[in-house]
Amino acid sequence: MTILYTRSEIEKKVSEKKQQNLSIGFVPTMGALHEGHASLIELALKKHPFIIVSVFVNPTQFNNASDLEKYPRTLKEDTSFLSVYGSKVCIYAPSPKEIYGSKIIAKQYNFGGIENVMEGTHRPGHFDGVGTVLNHLFRQIRPDEAFFGEKDFQQLQIVRRLVKIEKLPLSITGCPIHRQENGLAMSSRNARLTQEQLEKAPFIYKTLLQVKNDFGTKSALNHKKWVQAQFKKNPDLNLEYFEISNIKNLSPLSRKRKHQKYRAFIAVYAGEIRLIDNIALN
Ligand code: AMP
């Protein structure tokens, strides 16, 4: 398993592959890799002979210093996790300096408003940080295609807009949410949950499934009230937001329109660990 640490190393590797006419798939991550990440890599490997997985905990997308500090960093384990893929996969694990140079700052983006709802409301500046780091990574790696999980569905839609704004020549592919058998969406943050929290957390997906089941039988407001009531009965999980939104512009559902697709989005705290999830409703 090759690990590259610097911008010049990755640019050299990319040039080599391009000279050999090999297409490059890219899976950006913050590490602490799990089966959810692996599902993206496997999809990427079906379409490209060579995949770059970046492992970079991006400081500019954290609005909470303690969350950044406590984010799991497990490069050694991540390397052995990816070793099954052999030379088809290479890790890029840069320092902040290799990405940002001497000034670790985020560019300010206008993503047409989709940056101001849900995650954007609760994590100010988050999507500027995401957009900035991906813009740098895309320019260094020059992938043909980049793969993102629908687990972070709002981020996926932001990235689609980012490549248009930055006029970047790559395609963006969304990949299904990978879940544990009990329904809990896999996440690097799950590693920080206690055993008790791990047992409670599948309630999040159960609630989303019930919303999906009831979709069309009540108003968005009544769905929201129902979800709020469920979490009141479950004091170990603290509901931050629940929204039903149009998948394209992420605007909250007021009146259901024909031929439009909707998803339900949720953010929940288990203790100090913030978990997000979403589900397609129609
Ligand atoms: P992260 O390391 O959490 O920043 O995630 C890196 C990429 O993996 C993002 O595109 C995520 O949406 C995706 N991802 C994380 N967890 C899952 C999951 N459970 N299922 C599918 N994709 C995921």
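This is a predicted model: local features need pLDDT of at least 70, side-chain atom pairs count only at pLDDT 80 or more; totals for chains, interfaces and linings use all residues.
Residues are numbered from 1 along each chain as its sequence is written, and local features need pLDDT of at least 70, while side-chain atom pairs count only at pLDDT 80 or more and totals for chains, interfaces and linings use all residues. Side-chain values use heavy atoms, with hydrogens and water left out.

Helices (H or I, at least four residues) and strands (E, at least two) are DSSP runs, numbered from the N terminus. Two strands are taken to pair if DSSP finds at least two bridges between them. Strand β5 (residues 145-149) pairs with strand β6 (residues 171-175) in the parallel sense, over five bridges. Ser171 in β6 is the bridge partner of Glu145. Between β5 and β6 the chain passes through helix α8 (residues 153-165), and this β-α-β crossover is right-handed (with the strands pointing away from the viewer, the path from the first strand over the helix to the second runs clockwise).

An open sheet is formed by three strands in the order β7-β8-β9, with antiparallel pairing. Because β7 (237-246) and β9 (273-280) stand at the edges with a single partner strand each, one side of each is left without a neighbour in the sheet. From one strand to the next the twist averages 15°, with axes fitted as lines to C-alpha atoms (for helices over the stretch in contact) and angles running from 0 to 180 degrees between N-to-C directions. Eight bridges join strand β8 (residues 262-270) to β9 in the antiparallel sense; in β9, Ile276 is the bridge partner of Ala267. Helix α11 (residues 220-232) packs on the sheet and touches β7 and β8, its direction making about 165° with that of β7 (contact means heavy atoms within 4.5 Å).

Pockets were located on a 1 Å grid over the protein atoms alone, as open sets of points where a 1.4 Å probe fits, with protein on both sides within 12 Å along at least five of seven lines; lining residues have an atom within 4 Å of a point. A volume is the space filled by probe spheres set on the points. The largest pocket has a volume of about 200 Å³. It is lined by 13 residues, of which Asn64, Asp67, Tyr269, Glu272 and Arg274 are the closest to its centre. Both α3 (65-70) and β9 supply at least two residues of this lining.

The second largest pocket holds about 160 Å³ of space. Its lining includes Gln157, Arg160, Leu170, Ser171 and Lys248. Elements giving two or more residues to this lining are α8 and β6, and α8 provides the largest share, five residues.
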